[in-house]
Amino acid sequence: MDTPAPPLSRSLFAFSVFYGGMVCIAGVLGVKQVALGPLAVEAGIFAFLLLVVMSSAIAELHGQKIATALVRIGFVPLVMSALLIQVVLALPHDPGMYPPAIDAFPIVVGQSARMMIAGLISYGTSQTLNVYIFDRLRSNTGRLVWLRGMIASIVSQIVDTVLFITISFYGERPILALMEGQMLTKVVLSIVLVPFLITGFVAIGRRLDRGVSQ
């Protein structure tokens, strides 16, 4: 007699889908530089901030092992989207395509091989570190999920910045000033936004899972 499968966790399913989408869009958003006061930063940091929040929320709801597994699975959409972009760039464009878009499309979605490698390394390292730090702080912070999430986000995003900018631009341009602006912005956003975001996502996840158990 077959054993019935355990009920699917709604929060894990929903958050995993959301996580995969943010992995894919982060690189595309990074093409635009946005001004936050005196700082100029790449817009991909907003999607990456959500990745950090989601991995922490899943670690809180389902444990470190599942959250780390999600980070590793995240390489699949990340690599596949990068490969598909290269395939599409290599294909000839339709003669009837909107002329300004012909030149703009490769600029918006194209990345050098060096930046792709930098993105893979920085993503895997920083996201894994985020989950690890979040889980390790559990015994010292108790129910203060927002505090664990904020600390893990600050550390992991600093590491992400150092790895990505160093691998992408070392030897081609000065990188210290670029790092400083990125780090400062990520730290500020982690302090201001992460406590509210992670508290909200954990609450949503618990509500979704209560719906399964009822």
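## A tour of the salt bridges

Start by selecting Asp160, which is buried, with a relative accessible area of 7%. Keep in mind as you explore that this is a predicted model.

Is Lys186 buried or exposed? Its relative accessibility is 4%, so Lys186 counts as buried, the cut-off being under 20%. Show both side chains: Lys186 and Asp160 meet in a salt bridge, at 2.9 Å from N to O. Colour the helices next, and you will find Lys186 in helix H9 (residues 176-192) and Asp160 in helix H8, so this pair links distant parts of the chain, 26 residues apart.

Why might such a pair form? Side chains of opposite charge can pair when their charged atoms come close.

Move on to Arg148 and Glu60. Their side chains also meet in a salt bridge, with 2.9 Å from N to O. Here Arg148 belongs to helix H8 (residues 145-169) and Glu60 to helix H2 (residues 44-62), distant parts of the chain that lie 88 residues apart. Both residues, Arg148 and Glu60, are buried.

For your next stop, select Asp135 and Arg138. The salt bridge between their side chains spans 3.4 Å, N to O. Are these two buried or partly exposed? Asp135 counts as partly exposed at 21% relative accessibility, and Arg138 is partly exposed too, with a relative accessible area of 29%.

How many salt bridges does the structure hold? There are five. Select Glu60, Asp135, Arg138, Arg148 and Arg206 together: salt bridges that share partners join these residues into one network.

Technical notes
Residues are numbered from 1 along each chain as its sequence is written. This is a predicted model: local features need pLDDT of at least 70, side-chain atom pairs count only at pLDDT 80 or more; totals for chains, interfaces and linings use all residues. Side-chain values use heavy atoms; hydrogens and water are left out. A salt bridge is a side-chain nitrogen of Lys or Arg within 4 Å of a carboxyl oxygen of Asp or Glu. Helices (H or I, at least four residues) and strands (E, at least two) are DSSP runs, numbered from the N terminus. Buried means under 20% relative accessible area, exposed over 50%, partly exposed in between (1.4 Å probe, protein chains only).
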